[in-house]
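Me: I would like to go through this model and ask what stands behind each label. Please set the values against the criteria as you answer.

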Amino acid sequence: MDNIIIFDTTLRDGEQSPGASLDIGEKLQIARQLALLNVDVIEAGFPIASPGDFQSVSNIAKEIRGVSIAALARAMEKDIDSAAKALEKAEKPRIHIFLATSEIHRKYKLLKAKDEIINLAVKAVAYARKFVEDIEFSSEDASRTEMDFLAQVVESVIAAGATTVNIPDTVGYAVPEHYASIITGLKEKVKNISKAVLSVHCHNDLGLAVANSLAAVKAGAKQVECTMNGLGERAGNAALEEVVMAIKTRQDYYRCSTRIKTRELTNSSRLVSVLTGMRVQRNKAIVGENAFAHQSGVHQDGVLKERTTYEIMHPEDIGLQKTKIVLGKLSGRHAFKERIKELGYDLTEIEFEKAFEEFKRLADKKKEIFDEEIEAIIDTEKMEIPHIFQLESLSISCGPNVVPTAGVRIRLSDGSVADNATIGDGPIDALFKAIDLATGISGKLLDYHIQAITSGKDAMGEVYVNVDIHGKNVKGRAVSTDIIEASAKAYLNALNKVAAK
Ligand SMILES: CC(=O)SCCNC(=O)CCNC(=O)[C@H](O)C(C)(C)COP(=O)(O)OP(=O)(O)OC[C@H]1O[C@@H](n2cnc3c(N)ncnc32)[C@H](O)[C@@H]1OP(=O)(O)O
Ligand SMILES: CC(C)C(=O)C(=O)O
């Protein structure tokens, strides 16, 4: 089966994403991860661009072994000299020369005629061959270049010594059938085409970068240039993870493979996202948070019965532990039952139905229901917690230069009330201490968290506590628009569970 060469340009074109610049150390960190991912080529940078980029290419070239390291250069001797110097220590150096060939670029940007472009390209390739054997030539804006002229350029640079010829869709103008026809056309028109690797490099201006790259692969391209998370100039480049997983998942159709260790995809994506500060959208294919998450009951039921009903890839294959079942208002009984089982509960049918009803009620107010919330629902439902201690009133005094003080009035099950007040390290500490005094039960707070379950300034706050009472972990939960009241009630909820026993 044919191998498709994966040329990663996260560190060069990826860094051209506005807002994604990386320092020298960060680039080296990403290069190490790309080596673990087993890409075939790392385009480390554009050495003439800045002393930092030169240093970064040079550091990567020195350290990374087993992977080709490419450096970009315009069709100019000073750029090629700089690239060659930065690559001096590379085990497998590649100089990547680009020159635009389309009429628009010739006329307005380069101010050069067709024959001048060919001369410049040939001279640059021949010059670069003095330094290294592995030369890539990119015909910038190839997809908007006249087909016959493009074929002439490609034939000339191969004759001059280019070992890879790249056909960039620089402005994301191509569509799959059109782009594939360029590849097929070059295979037919260029006599020496078999002497070089035919490569593609697609931009995502129309959201077609991956589709175009794959159409080119189907038409016979042997190298795909891409970036992690689809970073790149403007709307980005073809996303490496999507190209690779499409080839792997649809091997029946593409009849080729890559050397990528796909289990490193998630790590690579996260590292690039953290270091560039470019967040991956939740619904991004392959590496988005939702890519292996199922939210609706019908899908969850299907996946729980047989994963392949709604999944075309194994999450393990991209380095995730497992499929995520997100419990929310669209979930059904199958998914809820499965999660309860995973949490270690064994409920009767009646307990289950009551818990499910309560879960749905809560899910109507919240986007996602977490495990501790399910535990709190079940504990409440199962134990039918009696209100042995009920909060009658509370007062809190706190603020800058004020000793936090809390006072509570608790009604006990025999109808009597207990009033207590005390100070603490903060309002919650004071409040819980006052409740301890009033109830006579002493709890040690292990965990406390609060979240808004409705929107707006008057949102409902939901408080969870995990309390150690006599060496046992007890959870409590309560909801109120007053978060101090919710805190007191959550704590009392935990104490009531113990008192009930
Ligand atoms: C399609 C791509 O993504 S290509 C890569 C694009 N990446 C970058 O541009 C990032 C790094 N770039 C840089 O740091 C700077 O642009 C540099 C260092 C390369 C050049 O900076 P400057 O010398 O100040 O030139 P500037 O960028 O303003 O203009 C580009 C010049 O290169 C010329 N040029 C553009 N492409 C090429 C090429 N492939 N071969 C030869 N000359 C070229 C332009 O015509 C222009 O020349 P002019 O000054 O005679 O008009
Ligand atoms: C340098 C080339 C390959 C490029 O980035 C483009 O044409 O988009």
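Me: Which residues come nearest to ligand 1, of the 15 around ligand 1?

Reply: Phe46, Ala49, Arg74, Ala75 and Leu99 come nearest. The elements that give two or more residues to this shell are β5 (93–100) and α4 (103–110). By class, the shell around ligand 1 holds eight nonpolar, two polar and five charged residues. The model is a predicted one.

Me: What makes a residue part of the shell around ligand 2, and which residues are in that shell?

Reply: The criterion is a C-beta atom, placed from the backbone, within 6 Å of the molecule. The residues around ligand 2 are Asp13, Phe98, Ser138, Glu140, Asn166, Pro168, Thr170, His201 and His203. Both β6 (135–140) and β7 (164–169) supply at least two residues of this shell. The shell divides into two nonpolar, five polar and two charged residues.

Me: Which residues does UniProt list for "binding site"?

Reply: The unreviewed UniProt entry lists Asp13, His201, His203 and Asn237.

Me: How do you know that they gather at one spot?

Reply: They span 225 residues in sequence, but no two of their C-alpha atoms are more than 10.2 Å apart, so they gather at one spot.

Me: Is histidine 203 buried or exposed?

Reply: A residue is buried if 20 or more other C-beta atoms lie within 10 Å of its own. Histidine 203 has 25 within 10 Å, so histidine 203 is buried. Its place is the loop between β8 (197–202) and α8 (209–219).

Me: Why does asparagine 237 count as buried?

Reply: Asparagine 237 has 34 C-beta neighbours inside 10 Å, and the cut-off is 20 or more, so asparagine 237 counts as buried. Asparagine 237 sits in the loop between β9 (223–226) and α9 (240–249). Its contacts beyond four places in sequence include Asp13 and His203, which are also on the UniProt list for "binding site". Among the other contacts of asparagine 237 are Thr9, Cys202, Cys226 and Leu231.

Me: What is arginine 234 called, buried, partly exposed or exposed, and why?

Reply: Arginine 234 has 13 other C-beta atoms within 10 Å. Exposed needs 12 or fewer and buried needs 20 or more, so arginine 234 is partly exposed. Arginine 234 lies in the loop between β9 and α9.

Me: Why is arginine 255 called exposed?

Reply: Arginine 255 has 12 other C-beta atoms within 10 Å; the limit is 12 or fewer, so arginine 255 is exposed. This arginine is in the loop between α10 (251–254) and β10 (256–257).

Me: What makes the phi of these two arginines worth a remark?

Reply: Most residues other than glycine have a negative phi. Arginine 234 has a positive phi of about 55 degrees, and phi of arginine 255 is near 55 degrees, also positive.

Me: Where does glutamate 15 lie, and why is glutamate 15 called buried?

Reply: Glutamate 15 lies in the loop between β2 (5–8) and α1 (24–37). With 25 other C-beta atoms within 10 Å, against a cut-off of 20 or more, glutamate 15 is buried. The C-alpha atoms of glutamate 15 and threonine 227 are separated by 9.7 Å, although the two are 212 residues apart along the chain.

Me: Which residues touch the most other members of the largest nonpolar core?

Reply: That core has 95 residues, and Ile42, Ile97 and Val243 touch the most other members. Isoleucine 97 is in contact with, among others, Ala73, Ile80, Val125 and Phe137, leaving aside neighbours within four places in sequence. Apart from this core lies another, of 38 residues, including Ala434, Val463, Val465 and Leu495.

Me: How do you know that the protein is more spread out than a compact globule?

Reply: The protein has 17 helices and 18 strands. Its radius of gyration is 31 Å, well over the 23 Å that the globule rule gives for 501 residues, so the protein is more spread out than a compact globule. Its C-alpha atoms fill a box of roughly 100 × 55 × 40 Å, taken along the principal axes.

Key: Residues are numbered from 1 along each chain as its sequence is written. Chains are lettered from A and ligands numbered from 1 in the order in which they are written. This is a predicted model: local features need pLDDT of at least 70, side-chain atom pairs count only at pLDDT 80 or more; totals for chains, interfaces and linings use all residues. A nonpolar core is a set of buried Ala, Val, Leu, Ile, Met, Phe, Trp, Tyr and Cys residues joined through C-beta atoms within 7 Å. Two residues are in contact if their C-beta atoms, placed from the backbone, lie within 7 Å. Helices (H or I, at least four residues) and strands (E, at least two) are DSSP runs, numbered from the N terminus. Ala, Val, Leu, Ile, Met, Phe, Trp, Tyr, Cys and Pro count as nonpolar, Asp, Glu, Lys and Arg as charged, and the others, Gly among them, as polar. The radius of gyration is taken over C-alpha atoms; the globule rule is 2.2 Å times the number of residues to the power 0.38. UniProt positions are given in the numbering used here, feature names are shortened, and annotations may be inferred rather than shown by experiment.
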